[in-house]
Structures are given as structure tokens and as C-alpha cells.
Amino acid sequence: ISCSLPGAVAEPKATNATEPLLLNAVRGLDVERPPVWLMRQAGRYMKSYQVICEKYPSFRERSENVDLVVEISLQPWKVFKPDGVILFSDILTPLSGMNIPFDIVKGKGPVIFDPVHSASQVDEVREFIPEDSVPYVGEALTILRKEVDNKAAVLGFVGAPFTLASYVVEGGSSKHFSKIKRLAFSEPKILHSLLQKFTTSMARYIQYQADNGAQAVQIFDSWATELSPVDFEQFSLPYLKQIIDTVKKSHPELPLILYASGSGGLLERIALTGVDVVSLDWTVDMADGRRRLGPNIAIQGNVDPGVLFGSKELITDRINDTVRKAGRGKHILNLGHGIVVGTPEENVAHFFEVAKGLKY
Ligand code: CP3
């Protein structure tokens, strides 16, 4: 694999053998290969997860019971030995603790029972106190740290304010984002006060996850790219920056990863958030992504999840292409979005096998 691509880290320092590969890679230390994990690596493409779904049909139960959260988080760890083990949970999990009742319904996705559109509804949104509302998250992370024992990094995650607000205002998943845009463009004050509540709450949630064992935390702003760049600068960027600044003050060593789907038009603005790692989708060439983000930001992602429906040769080729273009160091191999339902498990196994056999 070529090491001389533009933007690759110059003169990497020696690796820290006691830390997981993923943390060393993010910090720009000298690693022998890129660490690898996959977004949605626990989930419906796995037979073992489907077995749990039959026994516990409620997503909320599966994601809010410590034993189930630990068991599901460890399912891909046991089979594929990824370099990152992400907590099994959802970006919407904090909502009930914020007085926003929701469910995740099979075949339909997230449902918010009383979508927010007025100032008085925003007033009723409570700030999130993780230790009171989601103690099972802290307990699960603590157990995961012991189980994984630094052989991989335990990853936490939160939803970003705009993306959370999009679910809460639209009432669920959305195609045109017309309700949140109506709010943004006709009553921006109401949206800003909702975004500020999510900002304070999610900064606190990241700190809580780190204090209970998360070794890096990914922020999902999946739908921020529905905004034009000027609107991203108003409704997403300042809140992301505020979360990152707050967490950097209390937890300066904690790597923060930012993912937005379709972020190719926003990369330079995303770099302004101060995040440590940017997770790219597949609409940007990895070499362009590296160049546009510069040498200080680590990069993740980029392989089209659809590639996992292709042949083993195709999967191998695409891994090699992205790794070569990312250059040596400061790279986490991952998909450009979550694994799609129906992906053959053996192709996921092949992805990990190839990834773990790479050598710079
Ligand atoms: O990556 C992992 O393995 C960790 C688990 C995880 C889940 N959701 C579990 C889940 C993570 C990191 C998420 C994040 C999440 N949730 C995001 C951001 C990532 C992205 O995809 O952009 C978003 C937007 C959500 C909201 C959400 N939750 C949606 C849109 C859905 C899908 C609905 C569906 O039926 O496909 C969910 C449900 C959900 N969260 C599932 C899983 C595994 C699927 C439902 C199930 O397993 O029963």
C-alpha cells in the first residue's frame, strides 16, 4: 500500500502498545494498519440479532436493558473482532428522558408521538440528566470496557442537535424535511431554543459516556446535509462547535468523530467544528476528502455499504482503493453509512478479514 499520498501524516510518533489501535491511529501515532469497525455492525443482518429480536420484539427493550445492550454490542465483537465496539443504542434513546415520548416501530422506524412545533412545547422539553434517565447506558459501557479489555476501543455515540430536532419536529423519518424547514425559515427562534436544549444535553451525554467507559464518541448529524451551506452555518455548525468545545474542556483526550450523510458539499465547514475525526460517506473520493480536510483531521468511512452485496474480489478492491487514497495513518476503515439489512454476513466477515490483514 502506498504511503506517499498527499495529506498523509508526516513523521508519525511511535505507537502506544497499551492503547487500542483505533486510538493510536486517531492520535496520528505509527500504526501498522488502519483500524476497522462498521457503522450498524450490530443489527438485523446478523442471525444472532434476529434471534434476540424474536424473543424481545421491542426495540426499546433491546436497547434499554443492560444485559441485552451488552449482549448485542458484543455480537459482532465475538464474530469479527472489529477494532471498535460500538454501544448498541439509538440516537433517540435520550428523548424519553427529555420528556419527548417516542418508539421505534418495526417496518416504520422512529415515531415521535407529539411532534414539536411550538414555543410552549419546546419549554416542556427537559434537559437530559443521563445518570437519572439512562443509567443502563453507563452500566453497559462499564461492562463493555471490561469485556473488550482494550483489545478494541469501546465507542459511544450521540445524535447531533439538528438531526435530533429533525426527528422531533417531523415526527419520524422524513423525505423532504418540510416541517423542520418551515420552523427554521418562519420561526427560527423556536428551532434555535430546541437546538440549544439538545446541545447542552448531548454535551452532557458525551461526558457521561466517557466517564463510564467510552473511549471515543461519534456524533451523528446524519441529516444536517439537508441544509444548504448557509443554513448549516446557522442551524448545525454553531451547535456542533459548542458541543465539541464543551467536551474538549472537560475531556481533552477523548476523540470525537463526526458523521453526516452526504457531507461532500460541507467538508471545509465540518472541519471548522474542531472535531478529531470526520466520517465520510461514499459520494466523496477518499483522496479528495483527505486533501480537503487537511492533515490534522483523521478520516473514517467512505466505502459504499452496497459494496457488501458484491463479490469478495470487489470488496477487497474497494478496501484497497480507499486505504491507498487515505494514506498512511489517521484513518479508520469503515463504511460510508450503516450496514444495510440483508447484507450477507459472510461478506461482512470477508471485509473484516481483508481489513485486518492489511499492512502499510
Ligand atoms: O452502529 C451500531 O451498531 C450501533 C447502533 C445504532 C443504532 N442506531 C441501532 C438501531 C446506531 C449508531 C444508531 C444511530 C442512528 N439511529 C442514526 C444515525 C446513523 C444513521 O443511520 O444515519 C439515526 C438517524 C437513527 C434513527 C433510527 N433508528 C432510524 C432511522 C432507524 C431505522 C428504522 C428501520 O427500521 O430501519 C432506527 C432503528 C434502529 N436503530 C435499528 C438499529 C439496529 C433498526 C431497528 C431494529 O434493529 O429493530
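The protein chain has an average pLDDT of 95, and 97% of the residues score at least 70; pLDDT is the predictor's confidence in each residue, on a scale from 0 to 100. The model is a predicted one, in which local features need pLDDT of at least 70 and side-chain atom pairs count only at pLDDT 80 or more, while totals for chains, interfaces and linings use all residues. Residues are numbered from 1 along each chain as its sequence is written. The scores of the model are ipTM 0.94 and pTM 0.95. Over residues 1-6, pLDDT stays under 50, and the model has 13 contacts beyond four places in sequence for this stretch. Two residues are in contact if their C-beta atoms, placed from the backbone, lie within 7 Å. Where pLDDT is low, the predicted coordinates should not be read in detail.

The ligand is surrounded by 22 residues, of which A42, G43, G109, F220 and S222 are the closest; a residue is near a molecule if its C-beta atom, placed from the backbone, lies within 6 Å of it. This shell comprises 11 nonpolar, 8 polar and 3 charged residues. Ala, Val, Leu, Ile, Met, Phe, Trp, Tyr, Cys and Pro count as nonpolar, Asp, Glu, Lys and Arg as charged, and the others, Gly among them, as polar.

Helix packing was examined next. Helices are DSSP runs (H or I, at least four residues), numbered from the N terminus. Axes are lines fitted to C-alpha atoms over the stretch in contact, with angles from 0 to 180 degrees between N-to-C directions. The axes of α10 (residues 188-211) and α12 (residues 237-250) come within 9 Å and cross at roughly 30 degrees. The two helices, α10 and α12, are therefore roughly parallel to each other, a class that covers angles under 35 degrees, whereas those over 145 count as roughly antiparallel, 65 to 115 as roughly perpendicular and the rest as oblique. In this pair, L195, T199, M202, A203, I206 and Q207 of α10 meet Y239, Q242, I243, T246, V247 and S250 of α12. The contact of α10 with α12 has 7 nonpolar, 5 polar and no charged residues.

For α15 (residues 312-326) and α16 (residues 345-356), the axes come within 10 Å and cross at roughly 40 degrees, which makes α15 oblique to α16. Here K312, I315, T316 and I319 of α15 meet N347, H350, F351, V354 and A355 of α16.

The axes of α2 (residues 47-55) and α4 (residues 66-80) come within 9 Å, crossing at roughly 160 degrees. Helix α2 is therefore roughly antiparallel to α4. S48, Y49 and I52 of α2 and L68, I72 and Q75 of α4 make the contact.
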